[in-house]
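Here is a briefing on one protein chain.

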Amino acid sequence: MTMWGRMASCAGLAVPLVLVCSTLGAQTLQNAETLWRNHDYDGAKAAFEALVKANPKNAEYRVRYGQLFYERFNSEEAQKLFEEALAIDPKNAQAMLAEAQIAADEFDPKANDFATKALEYDPKLYQAHELMARIALEDDNTKKADSEADAALAIKSDALEAIAIKASIDLLADKESPWVAKIGNRGEGYETIAHFYMINRRYEESIQYLVKAVTATPDLWKAHSELGVNLMRLGREGDARKELQLAYDNHFRDAETANTLTLMDSYSKFTTFETRSTALRLNKKEADVLRPYFQEELDRAMATYEKKYKFHLNVPVQVEVYPDHEDFAVRTMGMPGLGALGVTFNNYIAMDSPSGRPPGQFHWASTLWHELSHVYVLEMTNERVPRWFTEGLSVHEETAASPDWGDRLSPEIIAAIRDKKLLPIAEIDRGFVHPTYQAQVIVSYYEAGKICDYISERWGESKLLDMIHEFAKNRPTVDVIKEQLGVTPEAFDKDFLAMIDKETSKTVAGFSDWTKQVREISQLAKDGKYDEVIAKGRAIEGIYPDYVEAGNVYDFVAEACLKKDDKACAMEELGRYSKIGGRDPETMKKYAKLLQDAGKLKEAEAALERLNFIFPVDAELHERLGGLMMQTGDAKGAVREYQALLAMHPIDQAGSHYNLGKAFLAAGQKDQAREEAVSSLEAAPNFKPAQKLLLETSGGEK
Ligand SMILES: [Zn+2]
């Protein structure tokens with residue numbers, strides 16, 4: 001930093017600090033701390049920088065400097081300094097605790113190990129007990145959370161975080177808590193309670209406690225920011241903006257605060273379509289294309305769930321669809337787990353748009369049904385449902401809607417089954433919040449989904465509804481399993497794993513050999529040995545039928561069939577690909593063309609219709625599907641398809657309006673047909689077919 005900069009940062013400060021500025025040559029820790037306390041972060045940084053430079057063997061200065069970075073939203077720089085401190089003094093408890101804190105922020109399970117080490121180095125470090133209590137409670141492990149909080153309180157009787165965790169344990173169980181009063185006017189304690197409500201998807205209560213936090217400590221800017229974010233999640237945008245702006249104006253400008261404000265500015269690019277029970281918020285640039293498909297699925301899913309769950313939602317559901325994945329990420333930030341595709345906040349759903357993902361990689365309708373199940377289950381249980389159950393049920397609903405929806409068995413899930421990494425039902429929540437290996441979140445979704453499938457198969461689908469009602473009473477998983485299913489959790493695990501084993505053993509056992517053989521098939525295809533590709537491909541596709549991604553067996557076989565000019569063979573193969581859930585738009589279009597050429601129009605139509613749930617931002621798709629529907633007599637469907645085509649601004653305006661006009665006429669909507677004929681002629685006045693359509697639709701009986 002230049003001298004000018006330093007002078008400037010000193011200029012605005014209270015008089016005694018000017019002295020600090022003038023003595024920068026010989027820094028003391030106290031100087032740096034004073035600047036920090038007075039919010040002169042640049043000054044404090046410069047002071048620490050000088051201190052660290054002058055004292056290369058001092059670990060303590062590095063720890064405090066790191067803590068400054070950590071407080072100012074730069075965990076990366078902070079971590080570097082903590083690591084340097086530990087290199088100088090390997091048993092520095094504060095540095096180890098700070099590492100634990102950073103890991104905990106990222107829901108990294110190493111946090112617990114670091115905190116344990118910190119306690120070894122300094123058994124009086126009550127903050128390490130507090131951190132372990134926090135991690136345990138995030139996992140729903142109330143017993144451990146309670147004992148760690150007690151351990152902290154035994155060292156320091158007014159330890160705030162420990163008190164707040166004891167309060168949270170009671171409040172999450174819907175009990176009055178004597179611990180709340182002990183927080184007194186210390187806002188950070190209420191902020192901790194709000195964190196646990198948030199983790200448990202209880203956003204309203206989270207908001208209440210954040211309000212308490214900022215009332216007790218008005219300059220707790222972090223809590224203002226969190227309050228803003230949670231208000232935004234529940235659609236209260238005016239109040240959200242006020243809180244976020246307040247935090248921002250007071251120099252609390254972490255990524256979450258700044259990005260949320262930017263996101264809210266971008267709302268002007270969106271438009272909202274409302275019905276009595278839904279609000280659909282779409283980006284203006286794609287609203288016309290997406291709206292009919294999203295609205296139809298939204299209505300269909302809600303009607304299905306209303307019947308299935310025997311529950312009517314009293315609040316409208318808002319669905320927000322983001323074409324820019326970064327906007328979506330901001331909308332959902334701060335949640336544990338993977339980069340999701342959709343997230344539900346009470347009756348608000350935020351999700352990626354199909355246009356924001358590579359074609360074929362995202363089944364948006366499946367995601368929409370998944371999230372909508374959450375809306376019902378959260379509402380029905382007053383947000384008391386454990387994470388594993390609502391996720392499992394949502395995954396279960398995806399394939400219940402249609403067997404080709406939902407996620408396929410992926411190689412990482414196969415590996416987890418092979419290595420016996422599925423969690424016992426009593427502990428499965430842990431896999432969602434604090435994964436101990438990279439794919440554990442995905443594996444946990446799969447496992448929870450399969451658990452719900454299994455319950456439905458063995459005890460009947462209505463048992464899932466009974467369980468929702470039990471979870472609404474805020475009862476723990478273990479008790480609900482024992483009572484509702486009449487088995488111990490251990491017995492359940494045993495039976496469930498036996499079912500998984502039966503269902504997947506062929507794939508799990510054959511996986512590595514299958515991989516090898518797919519490589520051989522790829523070589524045979526390159527060598528033009530098509531008969532061998534077909535024979536070998538068909539022999540192994542049953543080992544791992546769920547694999548439909550790049551380099552799948554169905555593709556190799558179908559291509560080989562086509563090379564031999566055997567269309568029936570290719571059609572049969574691609575039929576299998578489609579049925580098991582294959583999603584690549586080009587492959588599906590190829591399949592539809594084969595069906596169409598063979599005169600199987602209805603099947604061709606169904607094949608293309610699958611793509612509307614996957615990648616509807618495709619002019620060619622709508623044109624072809626519209627044409628097919630006209631041939632099969634589905635005029636209403638053709639109208640929808642040609643409207644979608646027009647919403648994509650096709651080059652051939654005259655032809656597109658004409659096609660839509662013909663579809664309207666076939667659907668008996670003569671006035672609309674005439675309007676389209678006029679639009680077509682506006683684009684191309686001499687377009688004969690449109691002239692004819694205009695005549696046909698003007699006046700007369702016809
Ligand atoms: Zn979910």
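Contact here means heavy atoms within 4.5 Å. On that basis, 58% of the contacts between residues at least 6 apart in sequence join residues at least 24 apart. The model is predicted.

**Overall fold**
- The protein chain has 702 residues, and 53% of them count as buried.
- Its secondary structure comes to 37 helices and five strands.
- Along the principal axes, the C-alpha atoms fill a box of roughly 90 × 60 × 55 Å.

**Zinc site**
- Three residues coordinate the zinc ion: His370 through NE2, His374 through NE2 and Glu391 through OE.
- Along the chain, the donors follow the spacing H-x3-H-x16-E.
- His370 and His374 both belong to helix H20, which spans residues 364-380.
- Because they are four residues apart in H20, about one helical turn separates His370 from His374.
- Both His370 and His374 are buried.

**Helix pair H10 and H11**
- Two packed helices are described by the angle between their axes and the distance between the axes.
- Helix H10 covers residues 142-155, and helix H11 covers residues 160-172.
- Their axes lie 9 Å apart, at an angle of about 150 degrees.
- Angles over 145 degrees count as roughly antiparallel, so H10 and H11 are roughly antiparallel to each other.
- H10 and H11 cross in a left-handed sense.
- H10 contributes Thr142, Ala145, Asp146, Ala149, Asp150, Ala152 and Leu153 to the contact.
- H11 contributes Ala162, Ile163, Ile165, Lys166 and Ile169.
- By class, the contact of H10 with H11 has eight nonpolar, one polar and three charged residues.

**Helix pair H35 and H37**
- Helix H35 runs over residues 653-666, and helix H37 over residues 688-697.
- Their axes come within 10 Å and cross at roughly 30 degrees.
- Angles under 35 degrees count as roughly parallel, so H35 and H37 are roughly parallel to each other.
- The crossing of H35 and H37 is left-handed.
- On the H35 side, the contact is made by Tyr658, Gly661, Lys662 and Leu665.
- On the H37 side, Pro689, Ala690, Leu693, Glu696 and Thr697 take part.
- The contact of H35 with H37 divides into five nonpolar, two polar and two charged residues.

How values were computed: Residues are numbered from 1 along each chain as its sequence is written. This is a predicted model: local features need pLDDT of at least 70, side-chain atom pairs count only at pLDDT 80 or more; totals for chains, interfaces and linings use all residues. Side-chain values use heavy atoms; hydrogens and water are left out. Axes are lines fitted to C-alpha atoms, for helices over the stretch in contact, and angles run from 0 to 180 degrees between N-to-C directions. Helices (H or I, at least four residues) and strands (E, at least two) are DSSP runs, numbered from the N terminus. Angles under 35 degrees count as roughly parallel, over 145 as roughly antiparallel, 65 to 115 as roughly perpendicular and the rest as oblique. A crossing is left-handed if the near helix is turned anticlockwise from the far one by less than a right angle, and right-handed if clockwise. Ala, Val, Leu, Ile, Met, Phe, Trp, Tyr, Cys and Pro count as nonpolar, Asp, Glu, Lys and Arg as charged, and the others, Gly among them, as polar. Donors are N, O and S atoms within 2.8 Å of the metal (3.2 Å for Na, K and Ca); water is not among the atoms, so sites may look incomplete. Buried means under 20% relative accessible area, exposed over 50%, partly exposed in between (1.4 Å probe, protein chains only).
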